[in-house]
Amino acid sequence: MEYTSGGASWRGALRTAASGLFSRPTGRRRSPWSIGVPLIAIAAGLLFTTSATTANGTSLREDRRPQLAQLIEDRRERVEESDQRRAALLTEVEAETEALAGSDAPIAEQRSRGEASREAAGFTALRGTGLTVELDDAPRRGETRPGNPSNDDLVVHQSDVQAVVNALWAGGAEAMSIMNVRVISTSAVRCVGNTLLLHGRVYSPPFKITAIGDPVKLHSALQASDGVRLFRDAVDHFGLGYRETVEGSVTVPAYDGSSALSEVEVPK
């Protein structure tokens, strides 16, 4: 139903109410309906007017999901454009720094110190043997599942991803990526519904986590993790996805995001 203007409804209700409330007496006792009906008409007119004002010429029952999808796509394009501008500006800064380093000894010294730490900080790509872990939601089927699980039981959660990440670090991972995005010391894994938020980008399952290191030690660390064990129990009970793949040679990309810190605390 569409509402274009509430003026006519309101005026009609007001006339009906006025004719009932202020009509001349005829000598008979007034029925309660003679007062109740005008009041109901006033309330109905007010309701229609409020609906018309809220709708503002649109359908209140219209499905807004296509509009939401378009809004998300527009925002994603804006983020990509911003990333391109950031990359261009970063290139300019690097060029200026390189030029100054050639004539300024202190800048050259600090730049040399920074270059020596780039690999450990995750700012260079790394290649080697490793292990990839894939986590996925349970298939959406209409059948009844054992144990009558809720929707939360059928999706990958933030704690599941963090359990795998922590286990891989404990297993001696030298470098790691999630959805082909480098994980560094300031990376934070967040889940919004059944999507993953990492470095300002949203990813949908299945979630792929790749670590470079000794595949045997990485696998053993996953087997020893309580959090990973709980997820694998959910895999058996509810049909979630879990898969490990040994990588003979895999590349973890360099981190290409911002390295600026918004907050720093000096340990005491």
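This is a predicted model: local features need pLDDT of at least 70, side-chain atom pairs count only at pLDDT 80 or more; totals for chains, interfaces and linings use all residues.
The largest share of the lining of the second largest pocket comes from α3, which gives 3 residues. In total, 16 residues line the second largest pocket. Asp83, His199, Arg201, Asp256 and Gly257 lie nearest its centre. Helix α3 spans residues 65-101. Along with α3, strands β3 and β6 (201-203) each supply at least two residues of the lining. Rolling a probe the size of a water molecule over the atoms shows where empty space is left.

The protein as a whole contains 7 helices and 8 strands. It has 268 residues, of which 28% count as buried. Contacts were also sorted by sequence separation. Among those between residues at least 6 apart in sequence, 71% join residues at least 24 apart.

Strand β1 covers residues 126-136, and β7 covers residues 207-212. These two strands run antiparallel and are joined by 6 bridges. Within this pairing, Val133 has Ile209 of β7 as its bridge partner. Strands of a sheet pair through backbone hydrogen bonds, either parallel or antiparallel.

Strand β2 is covered on both faces. Ala175 and Ser177 are buried on one side, and Met176 and Ile178 are buried on the other. On the β7 side, 4 bridges join β2 to its antiparallel partner. There, Ser177 stands opposite Thr210. Strand β3 is also an antiparallel partner of β2, through 2 bridges. In that pairing, Ser177 stands opposite Arg182 of β3. Strands β2 and β3 form a hairpin with 2 residues between them. Met179 is in the turn and has a positive phi of about 55°.

Strands β4 and β5 pair over 3 bridges in the antiparallel sense. Arg190 has Leu197 in β5 as its bridge partner.

The largest nonpolar core holds 34 residues. Leu135, Val161, Ile178, Ile209 and Leu222 touch the most other members. Several elements each supply at least two residues of this core: β1, α5 (158-170), β2 (175-178), β5 (195-198), β7, α6 and α7 (226-238). Helix α5 gives the most, with 6 residues. Apart from this core lies another, of 5 residues, including Leu126, Ile212, Val250 and Val252. In soluble globular proteins, nonpolar side chains tend to be buried together.

Neighbours within four places in sequence are left aside here. Ile178 is then in contact with Val161, Val165, Val183, Val189, Leu196, Leu198, Lys208 and Ile209.

Asp153 is found in the loop between β1 and α5. Its relative accessible area is 31%, so Asp153 is partly exposed. Not counting residues up to four places away in sequence, Asp153 touches Phe238 and Leu240. Asp153 and Ala234 are 81 residues apart in sequence, yet their C-alpha atoms are 7.6 Å apart in space.

Terms used:
Residues are numbered from 1 along each chain as its sequence is written. Side-chain values use heavy atoms; hydrogens and water are left out. Two strands pair if DSSP finds at least two bridges between them. A nonpolar core is a set of buried Ala, Val, Leu, Ile, Met, Phe, Trp, Tyr and Cys residues joined through side-chain atoms within 4.5 Å. Buried means under 20% relative accessible area, exposed over 50%, partly exposed in between (1.4 Å probe, protein chains only). Contact means heavy atoms within 4.5 Å. On a 1 Å grid over the protein atoms alone, a cavity is a set of points where a 1.4 Å probe fits but cannot get out, and a pocket is an open set with protein on both sides within 12 Å along at least five of seven lines; lining residues have an atom within 4 Å of a point.
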